[in-house]
Amino acid sequence: DIVGDGINIFESADSIESSLEAAGYGFLNADDFLGLLIVLDYKFFGDYVLKDRKSYGRLCTRIIEEQFPDGISNSKEDMSLLRSLVQKEYGDLELPDNDRAMFARICDYLILRGRSKYIAPAKVYVDEGILAEIKQFIEDSKQKDIFYSELFAEFEGLLMMMTNIDNHQFLHGVLRYYYPADYSYSRDFLSKETGEAGQSLADRITD
């Protein structure tokens, strides 16, 4: 539970000792905990420790947050740069040879930023009050399916002024990150459990 998807073992020393104390293991300190992780065959990459190598997505996210502040795509250039930065920071993480497979894995830790582009959650600037207002709009809508493009158009002024959400795909990604279980998300729209089945976006535009 302490390690989760991965932690910096030295930066987390105080929280580790607090967690051990709370669990009734106050006689152990951070060094004892480190020894236990070694015995249990946890994986160490520099100052970072993971349960297994499959958690590399968490470490990649830290680099993406620092080096790709506007997001990363699955382009050959971006993936090549990411691989070199990972190698420099953590050594050999045994990343997948296939860029597509690697990108799919790290996207689990990121937020959709645009078409085939993802951003670290820490680089999303949005007030939760604004998200609550958008969510209320969704709940109040009589439509079962809400198109991201229409939703973005409705709140574009507020979003452009108060957040860095600048397109409907980004809004899609943020809503899915903050409310993963509240709606069903597809490529073009989200769906509520209740509401009227409406026309397609193309049909509504035609009408």
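1. A word on the ground rules: residues are numbered from 1 along each chain as its sequence is written. Because the model is predicted, local features need pLDDT of at least 70 and side-chain atom pairs count only at pLDDT 80 or more, while totals for chains, interfaces and linings use all residues; side-chain values use heavy atoms, without hydrogens and water.

2. Look at helix α3 (residues 56-67) and helix α4 (residues 76-90), which pack at about 110° with axes 10 Å apart. Helices here are DSSP runs of H or I with at least four residues, and strands are runs of E with at least two, numbered from the N terminus. Axes are lines fitted to C-alpha atoms, for helices over the stretch in contact, and angles run from 0 to 180 degrees between N-to-C directions. The angle makes α3 roughly perpendicular to α4 (65 to 115 degrees counts as such).

3. Who touches whom? From α3 come Leu59, Cys60, Arg62, Ile63, Ile64 and Gln67, and from α4 Leu82, Leu85, Val86, Glu89 and Tyr90 (contact means heavy atoms within 4.5 Å).

4. Now find the open sheet of 3 strands ordered β1-β3-β2, with antiparallel pairing (strands pair if DSSP finds at least two bridges between them). Its edge strands are β1 (7-8) and β2 (43-45). Between β1 and β3 (residues 48-50) there are 2 bridges, and Asn8 stands opposite Tyr48.

5. Another open, antiparallel sheet has the order β7-β9-β8. Helix α7 (residues 148-162) packs on this sheet, touching β7, β8 and β9.

Terms used: Angles under 35 degrees count as roughly parallel, over 145 as roughly antiparallel, 65 to 115 as roughly perpendicular and the rest as oblique.
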